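Take the model below one piece at a time. Begin with the overall fold, then follow single residues into the packing.

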Amino acid sequence: MPISILISMFIFSFTMSLSPGPINITILSTSLIHGFKKTLPFISGATLGFTLLLIFLGFGFNQTISHYPIFFKILECIGALFIFYMGQKIIFSKPEIEILKNISIAGFTDGFLLQWLNPKAWIACLSGVSLFSSTISYFPLILFILIYFFTCYLCLILWGVCGHKLAKILTNPRQLKIMNSLMGGSLILLPIYMLIQLF
């Protein structure tokens, strides 16, 4: 396989994984409040969820759903509600760096589900599959999935590290409350915009 194709696969997966979206904002916020280690399950769930979605769409389902455009409208509505839920969860979280064990944080299941309900993830998967699939062999698609898995995981970890570093700068509850409101508010605005575009 030409090196240019491998570079294209990496650039595509890197750009899509690093660009801001519901997953990245949730990781930033969770890591800011609860620390990087407690955010790692969410990051792992989001990476695995995305990879399984990519496999699911890459091996045939994309052709099936292309005949049913209503599927994407239903997905966007459900996804918008879940993203809205995650946004309000961030806004109303305690404005302090939490060190207690019995806390409610975004976990593995939240990360996994958010990818399957995230229209950005579906668009990234469908775009990638259409670009890097071959009618002759499954090898390019399998290679793309592997590259995307590692790139996605590294990019999401980077967002988690950024949130952890921000925690050292934002040291008082008022600063944290403002940051939570900004991140949660941006998550809430995203589904509102999605639904306006949809209807």
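Predicted model: local features only at pLDDT ≥ 70, side-chain atom pairs only at ≥ 80, totals over all residues.

Residues are numbered from 1 along each chain as its sequence is written, and side-chain values use heavy atoms, with hydrogens and water left out.

The chain has eight helices and zero strands. Helices (H or I, at least four residues) and strands (E, at least two) are DSSP runs, numbered from the N terminus. Read from that end, the elements run α-α-α-α-α-α-α-α. The chain has 199 residues, and 43% of them are buried. Here buried means under 20% relative accessible area, exposed over 50%, and partly exposed in between, with a 1.4 Å probe and protein chains only.

Start with helix α2, residues 22–34. Is α2 enclosed or open? It is largely enclosed by the rest of the structure, because 13 of its 13 residues are buried. Its length also fits. The expected span of a helix is 1.5 Å times one less than its number of residues. For the 13 residues of α2 that gives 18 Å, and the end C-alpha atoms are 18 Å apart, which agrees. Just after α2, Gly35 takes a positive phi of about 95°.

Now see how α2 meets α7. Two packed helices are described by the angle between their axes and the distance between the axes. Axes are lines fitted to C-alpha atoms, for helices over the stretch in contact, and angles run from 0 to 180 degrees between N-to-C directions. Helix α2 and helix α7 (residues 139–169) pack at about 35°, with axes 7 Å apart. The crossing of α2 past α7 is right-handed. That label applies if the near helix is turned clockwise from the far one by less than a right angle, and left-handed applies if anticlockwise. On the α2 side, the contact is made by Ile23, Asn24, Ile27, Leu28, Ser31 and Leu32. The α7 side supplies Leu156, Trp159, Gly160, Cys162, Gly163, His164, Leu166 and Ala167. By class, the contact holds nine nonpolar residues, five polar and no charged. In this scheme Ala, Val, Leu, Ile, Met, Phe, Trp, Tyr, Cys and Pro are nonpolar, Asp, Glu, Lys and Arg are charged, and the others, Gly among them, are polar.

Beyond four places in sequence, Leu156 touches Ser17, Ile23, Asn24, Ile27, Ile43, Ala46 and Thr47. Leu156 and Thr47 are 109 residues apart along the chain, yet their C-alpha atoms are separated by 8.0 Å.

Thr51 belongs to helix α3, residues 36–65. It is buried, at 9% relative accessibility. Apart from neighbours within four places, Thr51 contacts Ile145 and Phe149. Gln115 sits in helix α5, residues 108–116. What does this residue touch, not counting residues up to four places away? The partners of Gln115 are Ile23, Ala46, Gly49, Phe50, Leu53, Ala121 and Trp122. Gln115 is buried too, at 5% relative accessibility.

Move on to helix α6. Its 14 residues should span 20 Å, and its end C-alpha atoms are 20 Å apart, which agrees. Buried residues of α6 are Pro119, Ala121, Trp122, Ala124, Cys125, Gly128, Val129 and Phe132. Phe132 is in α6, which covers residues 119–132, and has 9% relative accessibility. Leaving out residues up to four places away, Phe132 touches Ile5, Ser8, Met9, Phe12, Pro140, Leu141 and Phe144. Phe132 and Gly58 are 74 residues apart in sequence and 9.5 Å apart, C-alpha to C-alpha.

Finish with the cysteines. The structure holds zero disulfides, a disulfide being a pair of cysteine sulfur atoms within 2.5 Å. Cys152 is in no disulfide either, since the nearest cysteine sulfur, that of Cys155, is 7.2 Å away. Cys125 is buried, at 0% relative accessibility, and Cys152 is buried, at 4%.

Note on methods: Contact = heavy atoms within 4.5 Å.
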